[in-house]
Amino acid sequence: MQYRNFGRTGWKVSALGFGAMRLPVRGKQPMTKKIDEEEAIGMIRYAIDKGVNYVDTAYVYHEQKGEGLLAKALRGGYRDQVKVATKSPIWLIKKKTDFDKYMDQQLKRLRTDHIDFYLFHALNKDAWENIILKYGLLGRAEKAVKDGRIGGIGFSFHDDYKAFKQIVDGYDDWVLAQIQYNYLDTENQAGTKGLKYAASKGLPVVVMEPLLGGRLASPPKPIRDSFELRGKKVAPYELALRWIWDQPEVSTVLSGMSTMNQVRGNLRAANRSGIDCLRSDERKLVERATKRYRKMTIIGCTKCNYCMPCPHGVAIPVNFEEYNDAYVHDDLANARMTYERFFNPAKRASACKHCKACEKKCPQKLPISDLMTKVHSVLGEGKPF
């Protein structure tokens, strides 16, 4: 395992961090509470045995069962080998004392007396001003640091660069910033500009969605066929990860792994990681893939599931995924058949009531209600893209 500077803290973090949002589950629906515990625990422990020392979870992951699963995985001495990061469900906080209520609940779920890094989850400008500052949550968090319940205060982020800079500059004692970053998101959200700004202030930057919800690991055929250098195929997922590790401002990369094969593959990639680890021809390959992707992708959903559950039962990410796949693979016939035969009518895009509750939670700021109308018109009514 390769290790990197965690900002200016002096601690060395593994290049690969374990993101516990997409653990293996029983059944076809991802990220449910039906975690395959034996497989998930084995994956987490295997990663730690191979040198991973950073594990990330959150209050809401796997329908609030993720933290409990992680606690089981960290028994038998594994807790002492890692730094644990989890996140405060700030959208549930309606008064100051709610902060401590949820944090104490998380400590019990994790079966630990302290959380190394406690993050305000999915911060944006609105949440920063109308939740964090309004309820004085930084002060509540500082008190938790003083009494030992948490080691440091951080935040995960989903908004634009202007909001990112406002938040970074709004507090002097952040211990880390977690941002969505990959070769398709250099100008989205915090972007490359935000990555460099945070790092310039000595702030460790943790990268999430390095494979854009898995899409960069399994590119469509026209892009996949281009992943070849000097007559040899290059694994798209590895090149996407090494593109991030190539950058000195990145502290660690979180991967939401769902299978043991993914763990093994990501570990192999991490072992070959490093600053300036990409050759010039590999950088050009990424540039070509980026241009092709941007021409092909039609809806920028990462399947993070923050929009779920829909109050009306619509399976929002599933509808977007089918629509995007139809577009990228130029296969409307199969997509329409799947939509008609295998989508429960109550979960189809046509069931959208345009309440826009989902849009307030979407990290990508997608106009979901309008897009649901478009998805149904194409997949359900036979209209063109």
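Y118 stands opposite I153 in β7. Strands pair when DSSP finds at least two bridges between them. Here, 4 bridges join β6, residues 117-123, to β7, and the two run parallel.

A word on the source: this is a predicted model, where local features need pLDDT of at least 70, side-chain atom pairs count only at pLDDT 80 or more, and totals for chains, interfaces and linings use all residues. Residues are numbered from 1 along each chain as its sequence is written, and side-chain values use heavy atoms, leaving out hydrogens and water. Helices (H or I, at least four residues) and strands (E, at least two) are DSSP runs, numbered from the N terminus.

Buried means under 20% relative accessible area, exposed over 50%, partly exposed in between, with a 1.4 Å probe and protein chains only. I153, F155 and F157 point one way; G154 and S156 point the other.

Now charges. A salt bridge is a side-chain nitrogen of Lys or Arg within 4 Å of a carboxyl oxygen of Asp or Glu. The structure holds 26. One joins D104 and R149, closest N and O atoms 3.2 Å apart. That pair links distant parts of the chain, 45 residues apart: D104 sits in helix α4, R149 in the loop between α6 and β7. R149 counts as buried at 15%; D104 is partly exposed at 31%.
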